[in-house]
Amino acid sequence: MQLGLVGLGKMGGNMRERIRRAGHTVIGYDRNPDISDVHSLQELVDSLEGPRVVWVMVPAGAATQSTIDELAELLSPGDIVVDGGNSRWTEDERHAVELGIKGIGFVDCGVSGGVWGLENGYALMYGGAPEHVAQVQPVFDALKPSGPYGSVHAGKVGAGHFAKMVHNGIEYAMMQAYAEGWELLEKVDSVTDVREVFRSWQEGTVIRSWLLDLAVNALDEDEHLDKLRGYAEDSGEGRWTVEAAIDNAVPLPAITASLFARFASRQDDSPQMKMIAALRNQFGGHAVETK
């Protein structure tokens, strides 16, 4: 089939290549003319035969909204827009309504796989009406990992991005657990080779995972992570997961704590710890450190 792909960055560029390897035609557009196949969204739409499928792979928020707004004016009834970025699921519901008024279908798709997806395939979670999903299915089949698993029609519009959001929330908590365990191992004198302890967990343990494999890769490159600053951003999905948990009265203590740990990483001198130190000194005479 033919596909228009908007956004050819780290993910989009590799996705274009993987879909092409599966025998499909992909016409890509990016603001960077050096990697773009066409010069504008108008040219992209004009290059596709109807009914068209256009996959949007740009940053969530304003960039996605402006791209979908422009496509709404260029596409025709019967065409499909797929949002494969990390949009909030509530935005999907609005986009489906706005495009539906013009007779344009909408599918949201959470994509996981990062820079490894070109060779390994991408885990896909998509939401939308069955007839719209069916039009995009050859592309989903091209992108997913080989074998029976790795993609799912998660439900209605918004279900794909909601599922990806929860996936990323779980990812936050898993990474935090590995990070805490690593720090404790590094702290004690009795463990003399933390990297090899991590490596030993890769086989036969209940905590083996791809994240553990990546942790070992990182330690192979920088055994004590001395080259890194202890700072980590959050991409948004962790916050949305916690917000959704509050809205649905679902307890998520591990995921919530991992999100707050990201915030703590941005403080060189924690104001909260100042108060804790002051209180410990007041009630117990515990020593405090001064600048």
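Biologist: Which residues make the nonpolar surface patch of about 340 Å²?
Modeller: The model is predicted. Nonpolar side chains are joined into a patch within 5 Å. Here the patch is made by Val 115, Trp 116 and Trp 210.

Biologist: Is Trp 210 buried or partly exposed?
Modeller: Trp 210 is found in helix α9, residues 210–221. Its relative accessibility is 44%. Buried means under 20% and exposed means over 50%, so Trp 210 counts as partly exposed.

Biologist: Which residues does the cis peptide bond join, and what is omega?
Modeller: Most peptide bonds are trans. A cis bond joins Gly 50 and Pro 51. Pro 51 has its place in the loop between α2 (41–47) and β3 (53–56). For the Gly 50 to Pro 51 bond, omega is about -5 degrees.

Biologist: What is phi of Leu 225, and where does Leu 225 lie?
Modeller: Most residues other than glycine have a negative phi. Leu 225 has a positive value, near 55 degrees. Leu 225 lies in the loop between α9 and α10 (237–247).

Biologist: Is Leu 225 exposed or partly exposed?
Modeller: Exposed means over 50% relative accessible area, and buried means under 20%. Leu 225 has 24% relative accessibility, so it counts as partly exposed.

Biologist: What is phi of Ala 249?
Modeller: Ala 249 is found in the loop between α10 and α11 (253–264). Ala 249 is not a glycine, yet phi is positive. The value is about 55 degrees.

Biologist: Is Ala 249 buried or exposed?
Modeller: The cut-off for exposed is over 50%. Ala 249 has 70% relative accessibility, so it counts as exposed.

Technical notes
Residues numbered from 1 in each chain as written. Predicted model: local features only at pLDDT ≥ 70, side-chain atom pairs only at ≥ 80, totals over all residues. Heavy atoms only, no water. Patch = residues over 30% accessible without salt bridge, like charges linked within 9 Å, V, L, I, M, F, W, Y side chains within 5 Å. Areas by Shrake-Rupley, 256 points an atom, 1.4 Å probe, with all protein chains shown as cover. Salt bridge = Lys/Arg side-chain N within 4 Å of Asp/Glu carboxyl O. Helix = DSSP H or I, 4+ residues; strand = E, 2+ residues; numbered from the N terminus. Buried < 20%, exposed > 50% of the residue type's maximum accessible area, 1.4 Å probe, protein only.
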